[in-house]
Amino acid sequence: MQNQDLATHNLLQRWGLNNATVYRNPSVPLIYQLSMLQADGSSTRPDSINSTGALVAYSGKKCGRVPKDKRIIKDQGTEKDVWWGDVNIALSPESYGEVEKIALEYLGSRERLFIIDGYAGWDVNHRLRIRVFCTRPYHALFMKNMLIRPTEEELKKDFNGDVDFYIFNAGPQIIEKPIEGVTSEGCVAVNLTERKMVILGTQYAGEMKKGVFGVTHYLFPKQGVLTLHSSANEGENGDVTLLFGLSGTGKTTLSADPKRNLIGDDEHAWSDHGIFNIEGGCYAKCVDLSKEKEPEIFNAVKFGAVLENIEYLSNETREVDFSNISITENTRVSYPLEFIPGAKFPAQGGHPKNIFFLTCDAYGVLPPVSMLTPEQAMYHFISGYTAKVAGTEVGVKEPQATFSACFGEAFLALHPTLYANMLAEKIKKHDTKVWLINTGWSGGKYGVGQRMSLKYTRAIIDLIHNGELKNAEFENFPIFNFRIPKAAKNIPSEILNPRNTWKNPDEFDKQLLELAQKFQVNFKKYEDKATIEVISAGPKL
């Protein structure tokens, strides 16, 4: 066996695995070599190498996460803790046993097996030791990128015995016989008590990344550490900013600030020591990627990166066609954090000075910037609002309000109010300012008004970072009761109050009322555990 030492032999025996060849923490060049052999038993297109040296791989039928196939094991340890419902669907321990058995039998029957060890969390006081078993080289390289890579000394010290969490990725294997509680041929089963995760019926690599994130949402809060679906950067003076936002709000674009160092683009945690990145890499969208628009990400597509579900302009030159979405709109690239110039190492910082809630308001009624009270911050953190516009999904022809609790509902293991309470405690303790930033429409809803100028949004963020905006004169924004600035340097004063940008103020008032009603309806799901102060911080009709 490759890399077959006593520790490797013992961990294989523990899980009943007897593969002919095992690659434990292989080098990137070796993974590339093995990916060309295609002896992984999957039925997807063969891997290849693009013109800039990235590994190109395909996930088959599933090109994105499948939330309906995710299951959390409901047992004595989780029954009273987990936020059960549409997000966290329960599976019995007995059914989990069947799922795990299928996965281990598949993994053990393959000629070769990959084992990847890594950390989740840059804070040495809170990081988790993760071990991944998989059969596809692309999955091995993906997790080698996304986890924090241990040094040789750390591998010997921290990964010779048990670890904190195991991932058994048997994605090419489907479920062929009915299992109670499993409703399709695939299942992503997370056993929080036994600290294991099983993947069947999907080869999409993002299931592993988000599976780890979901586990931290369960384990970290129990240690007083708040998990955050956000990006983070740091200024020259050490001031940290967190940026929350759902897809299309500008989270990645605005966190890539040439005047600030990137801590991370997607997953963070806030401990008593400050902010730290959970991941060792980035997983960026590739649709219409160009050197002009996003040079840092474009230049990260090189040897060691993984391009997922992408097409070539030419099979001969292997030049990538980033505008081609014939396989999926969810084309992605995974790369280590060090591929981004200016990335901070270790990827952690102090307590945030500012937090931005980014929303793309397609109704065109929210101000470009609002300062929130701690109670409003809790309300809007729990709400997690943005809007879909025409073309984003099949059947979407008019703006549609979208709410995702804590700006990452799919990953919440516990009730959203728990995370909101932790956020409120931390922003009060550290005097963190929270701002709602509308990167959506102004002067009318989508189709009538114009998208908020990126130049103005960046100018607003700069004014917040240099401390000028918090000293501005503010006025009340009706219904939502936000505090909005009357004037700001380099920003046209009329856009600061969106009502001034509409040709018909009555239409604005009507649209504002409609959006406020949507907020109220959505928040009813959380009122049973929210305080009166937080409920009262929402819009008032």
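Predicted model: local features only at pLDDT ≥ 70, side-chain atom pairs only at ≥ 80, totals over all residues.
**Entry 1: two helices in contact**

I began where α4 touches α6: H139, F142, M143 and M146 in α4 meet G206, M208, K209 and V212 in α6. Sorting the residues of this contact, I got five nonpolar, two polar and one charged.

Next I looked up the geometry. Helix α4 covers residues 137-146 and helix α6 covers residues 206-219. They pack at an angle of about 35°, and their axes are 10 Å apart. For handedness, I noted that α4 and α6 cross in the right-handed sense.

**Entry 2: a sheet**

Then I went to an open sheet made of four strands, and wrote down the order as β11-β15-β16-β22. The pairing is antiparallel. Which strands sit at the edges? They are β11 (226-228) and β22 (348-349), each of which pairs on one side only.

Strand β16 (residues 274-277) pairs with β22 over two bridges, in the antiparallel sense. There I found F276 opposite Q348 of β22.

I also saw a helix on this sheet: α10 (residues 416-429) lies across β11 and β15 (268-271). Relative to β11, helix α10 runs at about 105°.

**Entry 3: cysteines**

How many disulfides did I count? The count came to zero. I looked at C134, which is in no disulfide, and its nearest cysteine sulfur belongs to C187, 18 Å away. A pair has to lie within 2.5 Å to count, so that one is ruled out.

Is C134 buried or exposed? C134 is buried, as its relative accessible area is 0%. I noted C406 as buried as well, with a relative accessible area of 4%.

Note on methods
Residues numbered from 1 in each chain as written. Heavy atoms only, no water. Axes fitted to C-alpha atoms, helices over the stretch in contact; angles between N-to-C directions. Left-handed = near helix turned anticlockwise from the far one by under 90°. Contact = heavy atoms within 4.5 Å. Nonpolar A, V, L, I, M, F, W, Y, C, P; charged D, E, K, R; others polar. Pairing = 2+ DSSP bridges. Buried < 20%, exposed > 50% of the residue type's maximum accessible area, 1.4 Å probe, protein only.
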